[in-house]
Amino acid sequence: MDNRDAEITEKILGLKHKRKAVILAHNYQRGEVQDIADYVGDSLGLSQSAARTEAEVIVFCGVRFMAETASILCPDKTVLLPDPHAGCPMANMITAKELIKKKEELSGATVVCYINSSAEVKAESHICCTSANAVKVIESLDAKEILFVPDQYLGHYISTQTDKKMTLWPGFCPTHLKIRAEDISIRKLEYPQAKVLVHPECIPEVIALADEVLSTGGMCRFARQTEAKEIIVGTEMGLIHRLSKENPGKEFIPASERAACPNMKLITLEKILWSLEDLAPQVAVPEGTRLRAKAAVDKMLEIG
Ligand code: 13P
Ligand code: SF4
């Protein structure tokens with residue numbers, strides 16, 4: 001850490017204490033942001049942490065849908081998103097209006113939304129899921145037909161793990177789409193002993209080459225437990241920081257260095273400091289939408 005980062009970090013820690021704040025960071029955040037967070041995790045772990053924190057302020061180092069989920073779960077807390085432009089392009093690939101229209105077309109289908117969706121879309125859904133619990137959530141449903149939104153690739157992966165009839169919304173993650181099957185094949189030639197982990201947001205051709213298909217939290221657990229010394233990581237590059245830090249004797253090879261999410265990288269130490277100073281930008285969800293979205297998120301959290 002250089003002198004400037006050290007100075008900002010000291011100020012953040014002082015203000016965090018004064019504001020009774022907690023800093024939650026997603027696994028794709030910049031290394032220096034992960035290093036000052038109280039909790040670093042995947043979307044499921046972050047929602048669970050937000051649900052149980054006793055802090056008065058949550059500084060959410062991630063993208064908007066994550067901060068919104070924290071606000072849905074904790075309406076009495078101040079939720080800060082240090083850069084208001086940190087959105088998720090996949091979450092923006094469906095609006096509540098479009099979902100309502102599709103529900104009318106497929107009358108009777110049960111809507112499952114990936115947590116990477118707006119509060120309004122969650123409010124129109126029966127239950128929410130993350131990449132860590134998607135199969136478990138779908139399997140728990142007594143539904144003839146499921147409409148899964150917005151990620152077609154996570155939806156496709158789930159459909160290979162269940163007998164349920166699923167209709168998939170055509171959304172996708174532009175960052176995971178940058179990982180191609182050729183990237184994995186090249187890495188496997190370079191590191192023949194390596195285990196291949198990929199995220200279920202990847203395309204089916206990439207998933208077909210994986211040893212394990214896991215959420216980012218699942219990848220962290222796998223990396224700790226495996227005997228393998230070399231691991232090819234098929235997800236956003238930011239995870240390599242945490243994996244390397246937690247497993248010093250192991251080598252983590254990005255499947256593609258192009259897989260960097262520009263939105264996740266918008267959060268910086270400076271912006272975290274400013275957000276704690278100003279208690280802004282805040283994220284809050286209108287009460288009517290919040291209550292309906294909360295029902296979908298709560299159902300998911302009960303399943304775990
Ligand atoms: P997880 O960390 O929950 O696996 O999600 C990945 C992701 O793309 C979040 O935006
Ligand atoms: Fe959205 Fe993909 Fe970025 Fe995750 S990595 S926030 S799904 S664009």
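Visitor: Which residue does the side chain of Lys-103 meet in a salt bridge at 2.9 Å, N to O?
Guide: A salt bridge is counted when a side-chain nitrogen of Lys or Arg lies within 4 Å of a carboxyl oxygen of Asp or Glu. At 2.9 Å, N to O, the partner of Lys-103 is Glu-124.

Visitor: What pLDDT must side-chain atom pairs have in order to count?
Guide: Residues are numbered from 1 along each chain as its sequence is written, chains are lettered from A and ligands numbered from 1 in the order in which they are written, and side-chain values use heavy atoms, with hydrogens and water left out. This is a predicted model, in which totals for chains, interfaces and linings use all residues, local features need pLDDT of at least 70, and side-chain atom pairs count only at pLDDT 80 or more.

Visitor: How many residues apart in sequence are the parts that Lys-103 and Glu-124 tie together?
Guide: The side chains of Lys-103 and Glu-124 meet in a salt bridge. Lys-103 lies in helix H5, whereas Glu-124 is in the loop between helix H6 (119-123) and strand E6 (127-129), so the pair ties together parts separated in sequence by 21 residues. Helices (H or I, at least four residues) and strands (E, at least two) are DSSP runs, numbered from the N terminus.

Visitor: Is Glu-124 buried or exposed?
Guide: Buried means under 20% relative accessible area, exposed over 50%, and partly exposed in between (1.4 Å probe, protein chains only). Lys-103, at 26%, counts as partly exposed. Glu-124 has a relative accessible area of 15%, so Glu-124 is buried.

Visitor: Which residue is linked with Lys-103 and Glu-124 in a network of salt bridges?
Guide: Lys-103 and Glu-124 already meet in a salt bridge. The network of salt bridges that links them also includes Arg-292.

Visitor: Which strand holds the salt-bridge partner of Glu-145?
Guide: Glu-145 forms a salt bridge with Lys-165, the closest N and O atoms being 3.4 Å apart. Glu-145 lies in strand E7 (residues 145-149), so the pair ties together parts that are 20 residues apart in sequence, Lys-165 being in strand E8.

Visitor: Which residues touch the most other members of the largest nonpolar core?
Guide: A nonpolar core is a set of buried Ala, Val, Leu, Ile, Met, Phe, Trp, Tyr and Cys residues joined through side-chain atoms within 4.5 Å. The largest has 74 residues, and those touching the most other members are Ile-12, Ile-58, Val-59, Val-112, Phe-148, Val-149 and Ile-272.
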